[in-house]
Amino acid sequence: PVSFEGPRRLQGLIESWPLRQLDQGGLLEHLGNLQMRLRPCASIHEYGFPGPSQKSVSLQDYFAESSLHQGHVIFENDFQPVHRRLLGAGLGFEVPRILEKIHSTPVFSAGSAHTGIGFHRHNEAWLAQLSGRKTWFLLPPGSPRPPILPPWWYLQERPPGLRVCTLEPGEVLYLPANWWHATWNLDDFTVAVGWEGGASKSWDLTMRAVANGDIARLGDGFAEVPTPQMVALAARSGHAEVMRWLIEEDADLTLRKDAAPAFLSAAR
């Protein structure tokens, strides 16, 4: 697992992904008709989650009509239809081994040129650039939050300790917890995927397989008793087949006292 002390720009981690082989046309072929929520660039950084959205738009229309959506990005950091679509098409983004502990919540980011997100911070995370270039502005945890400005302005009035890097397609940025960061999309078609950390720091291989919806890996030498936590994760991630498999492996799971929160989660 990664043990970097600061942000790192990493190369050679995602070349084996089938998702990495898709160009703009291929990405839109698989994802273009999905409705996704527009997030306003001016305020998305104010929330500890993606925040409110004004409306939804298909990924195809977002990029085809970028002038109509200027000042907005598409950003999801939870298990959403885009994540399930990629898994269903065999395009799930496998977590690189050195980042295996950062696996709690999937991230999907898309933006047109001259869009971005202001300074914010959260759990450690990593993001892999699939298409287009994205510039990152980074400040260590002890720094004060910079004033709200278009991210590129920080190149002219640099806060003390500012680090800047531009991620090219095929590269991955590792971001430690609580580092302030802002982003700016440089190209007309910019797409990235990754994961945020959190509870996954203590997950074993089984929990990671549940998060990935990987029944084959679950069934390969599965020896432990399924836990309510596994079922809750399967429910949150929308992996109904995994949840059904876990319940069938332990017929008494639904009767155990500690299973209630998991099945409440599944009901939602």
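**Surface, loop and helix features of the predicted model**

Tryptophan 152 is partly exposed, its relative accessible area being 35%. The structure described here is a predicted model. Tryptophan 152 belongs to the loop that runs between β8 (134-139) and β9 (163-167). Together with Leu155 and Val164, Trp152 forms a nonpolar patch on the surface, and the accessible area of these residues together is about 250 Å².

Two further loops contain a residue with positive phi. In the loop between β5 (105-111) and β6 (115-120) lies histidine 114. Phi of histidine 114 is near 65 degrees, a positive value in a residue other than glycine. Histidine 114 is exposed, because its relative accessible area of 53% is over the 50% cut-off. Asparagine 178, located in the loop between β10 (172-175) and β11 (180-185), has a positive phi of about 70 degrees and is likewise not a glycine. With a relative accessible area of 40%, asparagine 178 is partly exposed.

Asparagine 77 is placed in the loop between β4 (72-76) and α3 (81-88). Its relative accessibility is 13%, so asparagine 77 counts as buried, the limit being under 20%. Asparagine 77 and serine 109 are 32 residues apart along the chain, and their C-alpha atoms are separated by 8.5 Å.

Packed helices are described by the angle and the distance between their axes. For helix α6 (residues 228-236) and helix α7 (residues 240-249), the axes come within 8 Å and cross at roughly 160 degrees. Angles over 145 degrees count as roughly antiparallel, and α6 and α7 are therefore roughly antiparallel to each other. The crossing in which α6 passes α7 is left-handed.

Methods: Residues are numbered from 1 along each chain as its sequence is written. This is a predicted model: local features need pLDDT of at least 70, side-chain atom pairs count only at pLDDT 80 or more; totals for chains, interfaces and linings use all residues. Side-chain values use heavy atoms; hydrogens and water are left out. Patches are made of residues with over 30% relative accessible area and no salt bridge: like charges are joined within 9 Å, nonpolar side chains (Val, Leu, Ile, Met, Phe, Trp, Tyr) within 5 Å. Accessible areas come from the Shrake-Rupley method with a 1.4 Å probe; for residues, only the protein chains shown count as cover. A salt bridge is a side-chain nitrogen of Lys or Arg within 4 Å of a carboxyl oxygen of Asp or Glu. Helices (H or I, at least four residues) and strands (E, at least two) are DSSP runs, numbered from the N terminus. Buried means under 20% relative accessible area, exposed over 50%, partly exposed in between (1.4 Å probe, protein chains only). Axes are lines fitted to C-alpha atoms, for helices over the stretch in contact, and angles run from 0 to 180 degrees between N-to-C directions. Angles under 35 degrees count as roughly parallel, over 145 as roughly antiparallel, 65 to 115 as roughly perpendicular and the rest as oblique. A crossing is left-handed if the near helix is turned anticlockwise from the far one by less than a right angle, and right-handed if clockwise.
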